[in-house]
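Let's take a walk through a protein chain together, going from the overall picture down to single residues.

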Amino acid sequence: MTKALILAALAATSLVQPVFAEPVTRTVVVEHGDLDLGTPAGAKSLQHRVWRAVVAVCGTASDFDVAGKNDIQHCRRDTLQVASAKAEQALARMSRSEPVRVAAIRN
């Protein structure tokens with residue numbers, strides 16, 4: 001009986017082992033084909049969409065998780081910098097065909 005309980009306990013612990021996988025980078029596509037990028041309102045709308053995408057890909061952390069909040073802040077800063085550069089390229093081309101892709105940048 002004791003051997004059966006020990007084997008059952010070992011089997012249960014082996015099922016709970018974490019699986020080590022590579023982190024998944026979240027990506028959001030920011031469509032802007034409906035915007036007139038030649039106007040200030042269109043440019044502002046694109047920047048707003050990019051910011052919302054940055055928030056979506058970087059996620060959130062609990063108010064009690066200071067390290068997590070710092071990670072999110074760094075992710076948002078770095079991701080916004082890259083995404084804004086891509087948005088500026090779209091504005092310079094005033095292209096409606098290529099959407100802006102926003103991918104999280106995490107250290």
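Of the contacts in the chain with a separation of 6 or more, 64% are between residues 24 or more positions apart; contact here means heavy atoms within 4.5 Å. What you're looking at is a predicted model, where local features need pLDDT of at least 70 and side-chain atom pairs count only at pLDDT 80 or more, while totals for chains, interfaces and linings use all residues. Residues are numbered from 1 along each chain as its sequence is written, and side-chain values use heavy atoms, with hydrogens and water left out.

Now for the parts list. The chain has three helices and two strands, and from the N terminus on they run α-β-α-α-β. Helices (H or I, at least four residues) and strands (E, at least two) are DSSP runs, numbered from the N terminus. The chain has 107 residues, and buried ones make up 25% of them. Buried means under 20% relative accessible area, exposed means over 50%, and partly exposed is in between, using a 1.4 Å probe and protein chains only.

Let's zoom in on two of the helices. Helix α2 covers residues 40-58 and helix α3 covers residues 66-93; their axes come within 9 Å and cross at roughly 145 degrees. Those axes are lines fitted to C-alpha atoms, for helices over the stretch in contact, and the angles run from 0 to 180 degrees between N-to-C directions. The crossing of α2 and α3 is right-handed: a crossing gets that name if the near helix is turned clockwise from the far one by less than a right angle, and it is left-handed if anticlockwise. On the α2 side, the residues making the contact include L46, V50, W51 and V54, and on the α3 side they include I72, C75, T79 and A83. By class, this contact has 14 nonpolar, three polar and two charged residues. For that count, Ala, Val, Leu, Ile, Met, Phe, Trp, Tyr, Cys and Pro are nonpolar, Asp, Glu, Lys and Arg are charged, and the others, Gly among them, are polar.

Stay with α3 for a moment. At 1.5 Å a residue, its 28 residues should span 40 Å, and its end C-alpha atoms are 40 Å apart, which agrees. (The expected span is 1.5 Å times one less than the number of residues.) Several residues of α3 are buried, among them G68, I72, C75, T79, A83 and A87. An α-helix has 3.6 residues a turn, so residues three or four places apart point the same way. What covers the buried residues of α3 includes α2 and the strand β2 (100-103).

Leaving out residues up to four places away in sequence, T79 touches V54, V57, C58, V102, A103, A104 and I105. Its side chain also reaches the backbone oxygen of C75 at 2.7 Å.

Where does the chain go after α3? Just after that helix, M94 takes a positive phi of about 50 degrees. M94 lies in the loop between α3 and β2, and it is exposed because its relative accessible area is 52%. Not counting residues up to four places away in sequence, M94 touches L37 and G38. M94 and A43 are 51 residues apart in sequence, yet 9.7 Å apart in space, C-alpha to C-alpha.

Over in helix α2 you'll find G42, which counts as buried because its relative accessibility is 5%. Beyond its neighbours within four places in sequence, G42 is in contact with L35, D36 and L37.

L35 belongs to the loop between β1 (27-30) and α2, and at 9% relative accessibility L35 counts as buried too. From L35 to L46 it is 11 residues in sequence and 7.6 Å in space, C-alpha to C-alpha. E31 is placed in the loop between β1 and α2, and, not counting residues up to four places away in sequence, E31 touches R49 and P99.

Key:
Polar contact = N/O pair within 3.5 Å; in protein donor to acceptor, adjacent residues only side chain to side chain.
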